Amino acid sequence: MLDQQTIEIIKATAPVLKEHGVTITKHFYQRMFEQNPEVRHFFNHTNQKRGRQPEALANAVYAAALHIDRLEAILPAIQPALHKHKSLNIRPEHYPIVGENLLAAIQDVLGEAATPDIIDAWAKAYGVIADVFISLEKKMYDDAPWVGFKPFVIEEIIVDTPEVKRFRLVAKDGVIGTAIPGQYVSVQARIAGEDILHHRQYSVIETTEDGYWIAPKAEGLVSNWLHEQTIGTEVPMSAPAGEFILETSDRPLTLIAGGIGITPLFNMAKTALEQGRPVTLLHAVRSMDLRPLGDELDELVDQGLKLITHVDDVSGCMNKSHLEALDVEGHDVYTCGPSAMMETVVRVIPQARYEFFGPSGVLATN
């Protein structure tokens with residue numbers, strides 16, 4: 001527990017963090033990668049270049065400052081980070097590295113404004129926050145079918161569209177855990193010419209007796225590497241993770257997907273149909289030739305799926321009028337796709353649950 005003086009200092013610095021947060025977190029990542037290169041492989045460097053990861057961290061630090069006296073209020077917001085940490089095998093020994101570099105970044109950016117009292121308060125606060133993460137992640141590791149990365153083998157490859165391939169990956173030791181519909185696995189890639197390991201998360205579209213099907217789109221370093229692999233290639237993967245999952249319910253289900261955002265929703269649709277729930281799926285694509293999992297979706301139609309495919313050769317998204325035409329009263333609603341599309345979905349259907357591909361964030365829905 002933090003003393004009252006520390007809480008007051010943290011809350012008083014929240015406006016400063018809101019103003020300078022991204023500058024601090026950008027400097028933090030740069031400093032940490034220079035001082036502790038051993039942690040570089042945990043991070044998506046494409047998201048670093050785009051500024052998405054520093055922005056997501058800045059939002060998280062600001063939220064922690066606002067709620068430092070009642071951290072339980074931010075537990076729902078940190079669930080995606082906890083699952084991502086589990087999928088990447090983040091361990092307790094990594095937290096001091098982050099803390100040291102974050103405090104140094106605050107000092108470097110704020111200069112004399114970061115008084116010893118402020119740095120000391122943030123050191124105490126970071127310790128409390130880290131302990132929360134570590135304790136919650138320990139439970140997740142304890143419940144996981146395995147911890148860290150273990151070898152899977154590509155047993156089957158299907159060319160789905162010109163952009164998407166499906167891979168059936170089988171555990172070499174035969175031990176897997178069921179992926180709850182909506183969850184993902186993390187693939188670890190050792191890519192020629194790269195000095196670090198790279199990781200990418202892929203939604204599980206189906207759990208088999210000894211492995212998983214995934215359907216990566218050929219974009220980004222790891223996905224393009226995966227598309228070049230052949231049957232028999234060994235691929236390290238971590239256990240299923242993710243909190244964007246199909247909740248147990250007897251309510252009708254409406255799913256709204258944009259492009260490759262269909263991957264977590266496909267498993268939801270299939271499972272819900274097996275449970276006897278009415279399922280409606282809207283899928284926006286740029287063309288029917290680029291429709292991921294098209295044949296599988298058509299098979300689900302035969303099983304009762306109400307499928308509405310919207311084709312837009314420019315954006316591959318749907319607009320407000322398409323969504324307003326839906327009757328989702330009393331439905332559970334899930335959406336996954338480009339951020340701009342999901343922002344529209346959540347404006348029209350505020351109860352919709354959504355999944356980000358990339359760092360967790362907050363949709364601009366106002």
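Select helix H4 (residues 75–88) first: its buried residues are Ile-78, Leu-82, His-83, Lys-86, Ser-87 and Leu-88. Here "buried" stands for a relative accessible area under 20%, "exposed" for over 50% and "partly exposed" for the range in between, with a 1.4 Å probe and protein chains only. Helices (H or I, at least four residues) and strands (E, at least two) are DSSP runs, numbered from the N terminus.

The model is a predicted one, in which local features need pLDDT of at least 70 and side-chain atom pairs count only at pLDDT 80 or more, while totals for chains, interfaces and linings use all residues. Residues are numbered from 1 along each chain as its sequence is written, and side-chain values use heavy atoms, with hydrogens and water left out.

## Helix H4 and its surroundings

Remain on H4 and follow its length. The helix has 14 residues and spans 20 Å from its first C-alpha to its last, close to the 20 Å expected at 1.5 Å a residue; the expected span is 1.5 Å times one less than the number of residues.

Against which elements do the buried residues of H4 pack? They pack against helix H6 (116–143), strand S3 (184–189) and strand S4 (198–203). Contact here means heavy atoms within 4.5 Å.

Two packed helices are described by the angle between their axes and the distance between the axes. For H4 and H6 the angle is about 55 degrees, and the axes lie 10 Å apart. Axes are lines fitted to C-alpha atoms, for helices over the stretch in contact, and angles run from 0 to 180 degrees between N-to-C directions. The two helices, H4 and H6, are therefore oblique to each other. On this scale, angles under 35 degrees count as roughly parallel, over 145 as roughly antiparallel, 65 to 115 as roughly perpendicular and the rest as oblique.

H4 passes H6 in a right-handed crossing. A crossing is right-handed if the near helix is turned clockwise from the far one by less than a right angle, and left-handed if anticlockwise. To display this contact, show the side chains of H4 residues including Leu-75, Ala-81 and His-85, together with H6 residues including Val-132, Leu-136 and Tyr-141.

## Past the end of H4

Select Asn-89, the residue that follows H4. Asn-89 is found in the loop between H4 and helix H5 (95–110). Its phi is positive, about 65 degrees, although Asn-89 is not a glycine. Asn-89 is partly exposed, with a relative accessible area of 22%.

Continue to H5 and bring H6 back into view. The axes of H5 and H6 come within 10 Å and cross at roughly 150 degrees. That makes H5 roughly antiparallel to H6, and the crossing is right-handed. Among the residues that meet here are Val-98, Leu-102 and Ile-106 in H5, and Trp-122, Tyr-126 and Phe-133 in H6. Phe-133 of H6 is also among the residues that meet H4.

Next, select His-198, which lies in strand S4. Is His-198 buried or exposed? At 11% relative accessibility, His-198 counts as buried. Leaving aside residues up to four places away in sequence, His-198 touches Val-187, Gln-188, Ala-189, Ile-191, Leu-221 and Val-222. His-198 and Gln-188 stand 10 residues apart in sequence and 5.8 Å apart in space, C-alpha to C-alpha.

Move to strands S2 (residues 165–171) and S6 (residues 211–214), which run antiparallel and are joined by four bridges. Two strands pair if DSSP finds at least two bridges between them. Tyr-212 in S6 is the bridge partner of Leu-169. Strand S5 (residues 206–207) also runs antiparallel to S6, joined by two bridges. Glu-206 stands opposite Trp-213 in S6, and S5 and S6 form a hairpin with three residues between them.

## The parallel sheet

Finally, select the open sheet of five strands in the order S10-S9-S8-S11-S12, paired in parallel. Its edge strands, S10 (306–311) and S12 (353–355), each pair on one side only. Neighbouring strands of this sheet are turned by 15 degrees against each other on average, direction ignored. Helix H11 (residues 339–348) packs on the sheet and touches S8, S11 and S12, with its direction at about 160 degrees to that of S11.

Within the sheet, S8 (residues 253–258) and S11 (residues 332–336) pair over five bridges. The bridge partner of Ala-257 is Cys-336 in S11.

The last stop is Leu-293, in the loop between strand S9 (279–285) and helix H9 (294–302). Its phi is near 60 degrees, a positive value in a residue other than glycine. At 1% relative accessibility, Leu-293 counts as buried.
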